[in-house]
Amino acid sequence: MTRRITDVVAALARRTPNDHAIIDIREHGVAVWTWEKLWRESSRIAALLLRLGVEPGEVVAYQLPNSREFVAVTLAALRIGAVCCPLPAIFREHELTFVLSRSRARVVFAADVFRGRHHALEIASLEGQLPLLQHLIVVKENDQRGALPVTRRITCVRLYRAVRSASLNLTEIDQRRPAEDFPAQLLFTSGTSGVPKGVIHRHDVLMNAATLHVAQLGLDTGDRIFVPSPLAHQTGFLYGMWVAWLLGVPQILQAVWDPGRAVRMLREWHGTFTQAAPTFLADLVRTVQAGVRAPSTLRLFVPTGATVPRTLAQEAERVLHCQICGA
């Protein structure tokens, strides 16, 4: 069995190209990407990263919401042997300066606007404190509108315009396929016990963790994954996105938590597995108790990151008709 998740996704793009890979719940609708579409978009972003001179083992940072772009950037970086460094959307000047300095990232992807904040502009404003940062790739909902940040030194480009102009050489991308024990992810601790610490995870380590998770919980190819926790946290990154890749099943993404819409999306897209903090579970329970029809396919919810109260677990099993497995 391969210990590289990129090999798994490549096989899915070949064998089941038209199956759903991503169900991206946006404010004004739902965007669906197939495995072939995800692989193609990641190829274009990988080509862009190569054009920007990203080397094996180099960190690529990104501050993006739960979205198809987050998934595609992650896959692209992994394919060329770069190290993924996702940044939570709540990070502001202090955290961004610290993490981007410690990671030594030259290339950063950022949302143009998310939840009223201009993330790309905020990062660009830190150029005086980030002498190593050279390229800022801005992800916009509408790639044609709005001005880019103005900087003295950093090159700012729109993602979709940039990938259209990048020369696509699949052989060059494939030649950068990393070894199984190569670094894959740089994730920083929350800082509750002191200064945040950057932790490196290898491809095979993340693969082992996801494989054990699947086996322990009895997940299979009939599941549909909905992990509303941020993909920039390990819960979303590994137990949502990576597990969905490993199983070859769709992942349902929701950038802004809305429990009412989450229940509807679980029902409409046949979501079966959810892992998130107990507060998400409490919101789903209250929503169904308020009269929204429960999703009939949801079979397992794993509350993680905090102890789930016994009364909440019991009520959730009764209201949502699913099993609760505390983590």
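Is Ile5 buried or exposed? Its relative accessibility is 0%, so Ile5 counts as buried; buried means under 20% relative accessible area, exposed over 50%, partly exposed in between, with a 1.4 Å probe and protein chains only.

Hello everyone, a word on the source. This is a predicted model, where local features need pLDDT of at least 70 and side-chain atom pairs count only at pLDDT 80 or more, while totals for chains, interfaces and linings use all residues. Residues are numbered from 1 along each chain as its sequence is written, and side-chain values use heavy atoms, leaving out hydrogens and water.

Back to Ile5, which sits in helix α1, residues 5-15. Helices here are DSSP runs of H or I, at least four residues, and strands are runs of E, at least two, numbered from the N terminus. Not counting residues up to four places away in sequence, Ile5 touches Leu78, Met207, Trp242, Trp245 and Leu246; contact means heavy atoms within 4.5 Å.

Leu78 takes us to helix α3, where Leu78 is one of the buried residues. After α3 comes Gly81, with a positive phi near 80°.

Now, the cores. A nonpolar core is a set of buried Ala, Val, Leu, Ile, Met, Phe, Trp, Tyr and Cys residues joined through side-chain atoms within 4.5 Å. The largest has 71 residues, and those with the most contacts inside it are Leu38, Leu49, Phe109, Trp242 and Trp245. Apart from that core lies another, of 26 residues, including Ile23 and Val319.
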